[in-house]
There are 2 protein chains.
Amino acid sequence: MANEDAQAESELETMRHSAAHVMAEAVQSLFPGAKFGIGPAIEDGFYYDFDLPRPLTNEDLAAIEAKMKEIIAADAPFIRQEATKDEARRIFAGQPYKLELIDELPEDRVGTYRQSTFTDLCRGPHVASTGKVKAFKLTSIAGAYWKGLESRPMLQRIYGVAFLSPADLENHLKLLEEAARRDHRKLGKELDLFSIHEEAGPGLVMWHPKGGAIRRTIEDFWKDEHARRGYDIVYTPHIAKVDLWKTSGHWDFYREYLYSPMKVEEKEYIVKPMNCLGHILMYKTQKHSYRELPMRFAELGTVYRYERSGVLHGLTRVRGFTQDDAHIFCTPEQLEDEISGVVDLVRFMMKTFGFERYDLYLSTRPDKYAGSLEGWEHATNTLANVLNKMKVPYQVDPGEGVFYGPKIDIKLKDAIGRSWQGPTIQVDFNLPHRFDVTYVAADGKEKQVFMVHRAVLGSLERFMGCLIEHYAGAFPAWLAPVQAVIIPIADRHLDYARKVEAELKAEGLRVRVDSRTERMNAKIRQAQVDKVPYMLVVGDKEQASQCVSLRLRSGEDLGAQPLAAFKSRAKNAVATRSLEI
Amino acid sequence: MANEDAQAESELETMRHSAAHVMAEAVQSLFPGAKFGIGPAIEDGFYYDFDLPRPLTNEDLAAIEAKMKEIIAADAPFIRQEATKDEARRIFAGQPYKLELIDELPEDRVGTYRQSTFTDLCRGPHVASTGKVKAFKLTSIAGAYWKGLESRPMLQRIYGVAFLSPADLENHLKLLEEAARRDHRKLGKELDLFSIHEEAGPGLVMWHPKGGAIRRTIEDFWKDEHARRGYDIVYTPHIAKVDLWKTSGHWDFYREYLYSPMKVEEKEYIVKPMNCLGHILMYKTQKHSYRELPMRFAELGTVYRYERSGVLHGLTRVRGFTQDDAHIFCTPEQLEDEISGVVDLVRFMMKTFGFERYDLYLSTRPDKYAGSLEGWEHATNTLANVLNKMKVPYQVDPGEGVFYGPKIDIKLKDAIGRSWQGPTIQVDFNLPHRFDVTYVAADGKEKQVFMVHRAVLGSLERFMGCLIEHYAGAFPAWLAPVQAVIIPIADRHLDYARKVEAELKAEGLRVRVDSRTERMNAKIRQAQVDKVPYMLVVGDKEQASQCVSLRLRSGEDLGAQPLAAFKSRAKNAVATRSLEI
């Protein structure tokens, strides 16, 4: 069964790759001077990067699609031919990107595929003929730097999706439409949550007042819950001497993600790519007895890692992000309870934020590893035992642990079934060894601590991107940046509206009055666009009876009710972090 | 009167400077090979930096003091002589630091002062003779890099204090003793609040669990109070393209405090030295009507500024610090209300943290300034009007405003009368102009906003250093990292102690059980050393009656009381942010 799945998957991927070639042929025939970048299969479809004399329009997409249909109808065979590099250079004369790729290929002979008049540099495989390309649709155009480097030319990338049947395609297009409606970049702008500025730097997020309100709510909840579970909230600086990362090994193994050093009085500093080392230094300011363990240092620590500008994406792929990080220092005997505590916290958090479904992966020892075999065995068994005892289903990813220890990764499923990278729980044998992080055991001997890295949300930025899409911007009341808008029907109701506002604010609710000189319906529409959970309409009747007329953002009209009743409804929704408003 | 004060002040300073020379002569006679750095008068006394063959001990200080008394008794005259640089080089042959200073002096002729056998490179003035050096005491030895640069040799600095009368000296020594007892670096270590690590970098603070608990309490209070007063909490990244700071002018005017750039894909980035520019970019993502103003963006923004390692000092002079920053964008008409609101917030905050006394300074237009004369006049008058209307006494510092606008600075007086740099309120004409920050006025025209920078605590690091010393580590209950320690008299009371702990934790109180196998008195002593506000002793009697025996950290024993009574006492002290426990 699994085998059949894998075979179907690879068939689909081959067909999608062939669809990219068909698209390239269509572009070649419509734009004779086109220069070609690369055109791989990707999840759900394919893309191809083109260097064209002018920007593409949506009309172009339609024309390319029509041309592709002709090519498919013609059912020309895909023909593979090998060539020497010199022959290839002649075939792709006038195609600078292809020539660059040919220069970089390590092999002496390179593969080409031809269908009809179009030839591409390609390893294959492909379907037998263009007619085998099934249900497809071109979906979007986007700028993409050649090789993802800001310093190289910006090409035009056309994305398409392709499936084995029209029904599959249609389902997928519906999902895409829904995903587009939920896109956190679009909603982030519409709801005025955050911005990213070319002037300040791509991949660096600024949280506006409304996004800041959500972030603060999450942070406070996170800190309270961690404190309740015996974590200590700590703070460490964002820069430190690079020597620390030489000791840790990151300078060698992780260099491409590190920012270049700043020199201060002959010493080199970097912006921190992770929070672990600060926590280790703090732990080491004193000797610790086994009686003091476990120690759990938690920090909302903002870290900076280099990512190519070409791969940056909204909140989900950024250069600066705030990890909801914690490091647990414990004895081997305590490891099981600690892991169990983290898994429990993860489940509590995911439930609170409304994620019903998630997949767990347990990654075990790779070929190259730090630490001892017994250590790995103990830690891996502990992780598995915890999941078994807690009856949490998981998959094993054999050999997929990081070199420093085994780990559990959790992928969240959002409201429309897409997977998001979520919590991670990692045992680390490397850092305690390199920094000599120890405790005094019951027998009086100094022993190496077991160290656990864990993040429950992952990064605040990515998690908030995920939340925006999961809720399609319609946050539950406890997270909503504005929880209620008070809408006076006429100017003479403004005083009462202000009184309602003051009473709700005094309860710690985030509310505002829409005092614009607009009609009531326009104000209701605006509040709905802003996805505000509660709209409180106030007019003569409400004022006279100290009521509010409550509308939900769903459109449901619950009619007039005493202000006190609404107050307790809203306070309860916030206090219980209810997913229903 | 003021004139006489100034004269007395300058007399005292001259005497202190002469005392430094007397100390240098004493060191020369006790350490014949000594090399001399510099030896100025400072607040309350003087110091001198020496390069000596071995580290000084406290016994050396006593010997130097004795030798100084001999020199003073001999009453040798101070004799001024000018010399050419070449002559000076001969006089100071074998004194490499003096020779370096001679090379750097711009004048052709340099001043020297000689008393008895000791000659120093010095502009003077000095007292007439060594006998005029009055009541003095050597107070401490500290390492000090030559010129404050980590890359230059480490010298030994001897600090002394000197006054015109023995009574003045004695008063000062008492104050010093009290200050030493309160030193935040000492208390920070003893109370396990924070650490600074040479490995990570000097001037970079790590907040341990207990310090983190205090910091979090302050941050939450700060955010709640700002939200209550109509500020929006925002977040901006810690790095950004250097071009922003070129536009702002900081790259030119402020360069020495900026970290060196990091290169990312051919663009230069720096760690941010201030938060303003991020807030401006956010403001500018949309056009704003006068009806939307004022907008108040508040951020606990961690910034990094270079300071020479020689001047770094605990929490008060650091390289990375978190400003409690906000920027107000408003119209000229709104400026008065806004300034008034900030002054009110400042007074509320200072009162809450227990600062009864503070001095205000209004700094007016300097000779070189940005913006228009009318703008300056309007803003300066507004600042003065607000202070006058609110009946807040202040001093004018004419011409001491920053180039970009007038400002109010506030200095806090701590429990033992020392001044600490505190809140600041600054109008800025420079950034709105350089970044073209505007609003659409009632007449439909685009006008430049008035921008106010303000920090109420200054920096969290410095403010927390000040708080530690102000309270001598004995924080009021709402700030105390551990609010109560529960002390079981014997092991059989541990269960009840845990029950008390759980009940208090459920109320959000920070409590812990001292479960060590120590005697009750030792546990009480430990809690007093830790300056925990409340100690709850529980034994048979308390367990039987659901009581706790309450001791305050002052030593006061309030006897047994129902747990509920203590709960409400502690909750009330925390909720009202009482300064009494």
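Trainee: Why does Asp192(A) count as partly exposed?

Mentor: Asp192(A) has 25% relative accessibility. Buried means under 20% relative accessible area, exposed means over 50%, and partly exposed is what lies in between (1.4 Å probe, protein chains only). At 25%, Asp192(A) therefore counts as partly exposed.

Before we go on: this is a predicted model, where local features need pLDDT of at least 70 and side-chain atom pairs count only at pLDDT 80 or more, while totals for chains, interfaces and linings use all residues. Residues are numbered from 1 along each chain as its sequence is written, chains are lettered from A and ligands numbered from 1 in the order in which they are written, and side-chain values use heavy atoms, with hydrogens and water left out.

Trainee: What is said of the phi of Asp192(A)?

Mentor: Its phi is positive, about 55 degrees, although Asp192(A) is not a glycine. Most residues other than glycine have a negative phi. Asp192(A) is in the loop between helix H6 (184-190) and strand E9 (194-196) of chain A. Helices (H or I, at least four residues) and strands (E, at least two) are DSSP runs, numbered from the N terminus.

Trainee: Where is Lys531(B) found?

Mentor: In the loop between helix H16 (520-529) and strand E26 (534-538) of chain B. Lys531(B) is not a glycine either, yet has a positive phi of about 60 degrees. With a relative accessible area of 21%, Lys531(B) is partly exposed.

Trainee: How do you know that Asp49(B) forms a salt bridge with Arg157(B)?

Mentor: The closest N and O atoms of Asp49(B) and Arg157(B) are 2.6 Å apart. Asp49(B) lies in strand E3 (residues 45-51) and Arg157(B) in strand E8 (residues 154-162) of chain B, so the pair ties together parts that are 108 residues apart in sequence. A salt bridge is a side-chain nitrogen of Lys or Arg within 4 Å of a carboxyl oxygen of Asp or Glu, so the pair qualifies at 2.6 Å.

Trainee: Is Asp49(B) buried or exposed?

Mentor: Buried, with a relative accessible area of 3%. Arg157(B) is buried as well, at 15%.

Trainee: What makes Arg229(B) and Glu225(B) meet the rule?

Mentor: Their side chains come to 2.8 Å, N to O, and that is a salt bridge. Glu225(B) is buried at 5% relative accessibility, whereas Arg229(B) is partly exposed at 22%.

Trainee: How do you know that Arg80(A) forms a salt bridge with Glu82(A)?

Mentor: The closest N and O atoms are 3.2 Å apart. Arg80(A) is partly exposed, with a relative accessible area of 40%, and Glu82(A) is also partly exposed, at 45%.

Trainee: Which residues are linked in a network of salt bridges?

Mentor: Glu100(A), Glu104(A), Lys147(A) and Arg152(A). A search of the whole structure, over all chains, finds 86 salt bridges.

Trainee: What joins Gly124(A) and Pro125(A)?

Mentor: A cis peptide bond, with omega about -5 degrees. Most peptide bonds are trans. Pro125(A) lies in the loop between strand E6 (118-121) and strand E7 (136-145) of chain A. Leu293(A) and Pro294(A) are also joined by a cis peptide bond, with omega about 0 degrees. Pro294(A) is in the loop between helix H10 (276-283) and strand E15 (295-304) of chain A.

Trainee: How many helices and strands does chain A have?

Mentor: There are 18 helices and 28 strands. Of the 581 residues of chain A, 55% count as buried.
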